[in-house]
Amino acid sequence: MFERFTKDARAVVQEAVEHAGREGARSVGAEHLLLALLDREASRASFALTVLGGDEGRESVRRALEEARRRAGLSQADADALAGLGIDVTEIVARVEETHGVGAMSGGGADRRSRSGRPSFGRDAKDVLEKSLRIALARRERYIGDEHLLLALTVRPGVPAEVLADLGVTHESVTRVLGGAGEACA
């Protein structure tokens, strides 16, 4: 599959690995792919992100991803659902961080790394990569670009899709900005 990746898409994957490594994450997740996309310039995905959210939107996404990391990866929808059951995730995070330090729930700790010493790819990141291939095929494109990674992030449930949607970056809006077929391949 990686032979179909454009230079920009390969750079996103490499930068996602670097994000995970700097963070001390056990594995590369979908959020690392999104962070790597936010770092890109002069690519199709960066164009779409700029049109739809601008620089303020990129910073908003970064902050939202950091907050989700502090909540042990729970999306805001998950936190709201727990609040409906009387569980205050913000209070739990505050108590854990009071005892163990800021970011204690962010998933650092014992690494599960590949033989190269780098974080391995988590199930969610693998799912994004697979969805990007399906989206490219649905659009009848013979390559997988960073725009396909962005589109895949918008259709996969989870924190990245939630924070992108809050910014107005959805599968439909990205497809509209970039043009082309808009099949979701969920």
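E147 is buried, at a relative accessible area of 2% (buried means under 20%, exposed over 50%, partly exposed in between, with a 1.4 Å probe and protein chains only). Keep that residue in mind for the first exercise.

This is a predicted model, where local features need pLDDT of at least 70, side-chain atom pairs count only at pLDDT 80 or more, and totals for chains, interfaces and linings use all residues. Residues are numbered from 1 along each chain as its sequence is written, and side-chain values use heavy atoms, leaving out hydrogens and water.

**Exercise 1.** Find the salt-bridge partner of E147 and say where the two residues sit.

*Solution.* Start with the rule: a salt bridge is a side-chain nitrogen of Lys or Arg within 4 Å of a carboxyl oxygen of Asp or Glu. E147 pairs with R44, and their closest N and O atoms are 3.1 Å apart. This pair ties together distant parts of the chain, with E147 in helix 7 and R44 in helix 3, 103 residues apart (helices are DSSP runs of H or I, at least four residues, and strands are E runs of at least two, numbered from the N terminus).

**Exercise 2.** Work out how D8 and R40 are linked.

*Solution.* Their closest N and O atoms are 2.7 Å apart, and the two form a salt bridge. At 13% relative accessibility, R40 counts as buried. D8 is among the buried residues of helix 1 too.

**Exercise 3.** Describe what the buried residues of helix 1 (7–23) pack against.

*Solution.* Pick out some of the buried residues first, including A9, V12, V13 and A16. The buried set packs against strand 1 (27–28), helix 2 (30–39), strand 2 (120–121), helix 6 (123–138) and helix 7. Just past the end of helix 1, look at G24, which takes a positive phi of about 75°.

**Exercise 4.** At what angle do helix 7 (146–155) and helix 8 (159–167) cross, and which residues touch?

*Solution.* The axes (lines fitted to C-alpha atoms over the stretch in contact, with angles from 0 to 180 degrees between N-to-C directions) come within 7 Å and cross at roughly 95°. The touching residues are L150, L153 and T154 from helix 7, with P160, A161 and L164 from helix 8 (contact means heavy atoms within 4.5 Å).
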